[in-house]
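Dear colleague,

Please find below the structure that I am handing over to you. My notes on what was found in it follow.

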Amino acid sequence: MMDKEILLLMGGFHLLDDNPAAIQQVIQSLQNAAVKYVCPTHCSGDLAKEMFKESFKEKYIAGGVGEKVSLPDTIFKTF
């Protein structure tokens, strides 16, 4: 475990060929590690993106090539 929170974890999580149980395990690990926001991209896979969206709810950020990602200023004040 890390002793600090992670504000945003963004990138390809390489879950494209993984089953739902394996993806859920990754999601649970990130939640346990206090990751605040996630932005899974490219090789995360559609199933993983949907599962991340369902699990992280409003703290899920859709991303991809050419997308601009921004977080509200209020997040940085509380982090």
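Leaving aside its neighbours within four places in sequence, with which residues is threonine 41 in contact? With contact taken as heavy atoms within 4.5 Å, the partners of threonine 41 are Gly11, Gly12, Phe13, Lys49, Gly63 and Gly64.

Before going further, please note that this is a predicted model, in which local features need pLDDT of at least 70 and side-chain atom pairs count only at pLDDT 80 or more, whereas totals for chains, interfaces and linings use all residues. Residues are numbered from 1 along each chain as its sequence is written, and side-chain values use heavy atoms, with hydrogens and water left out.

Threonine 41 itself is placed in strand β2, where helices (H or I, at least four residues) and strands (E, at least two) are DSSP runs numbered from the N terminus. At 8% relative accessibility threonine 41 counts as buried; buried stands for under 20% relative accessible area, exposed for over 50%, and partly exposed for what lies in between, with a 1.4 Å probe and protein chains only. A polar atom of the threonine 41 side chain lies 3.1 Å from the backbone nitrogen of glycine 12, a polar contact (a pair of N or O atoms within 3.5 Å; within protein, one must be able to donate a hydrogen and the other to accept it, and residues adjacent in sequence count only if both atoms are side-chain atoms).

Turning to α1, its 13 residues should span 18 Å at 1.5 Å a residue, and its end C-alpha atoms are 18 Å apart, which agrees; the expected span is 1.5 Å times one less than the number of residues. Ile23, Ile27 and Leu30 are the buried residues of α1, and, seen down the helix axis, they fall within an arc of 60°, so they line one face of the helix, the arc being that of the directions from the helix axis to the C-beta atoms. The face turned away from this buried side carries the exposed residues Ala21 and Gln25, while the elements covering the buried residues include β1, β2 and α2. At the start of α1, a side-chain oxygen of asparagine 19 reaches to within 3.1 Å of the backbone nitrogen of alanine 21, and just after the helix alanine 34 takes a positive phi of about 65°.

Leucine 71 sits in the loop between α2 and α3 (73–78) and is buried, with a relative accessible area of 18%.

Finally, the structure holds one salt bridge, meaning a side-chain nitrogen of Lys or Arg within 4 Å of a carboxyl oxygen of Asp or Glu. Glutamate 5 and lysine 36 form it, their closest N and O atoms being 3.4 Å apart, and the pair links distant parts of the chain, with glutamate 5 in the segment before β1 (6–12) and lysine 36 in strand β2 (residues 35–41), 31 residues apart.

With kind regards
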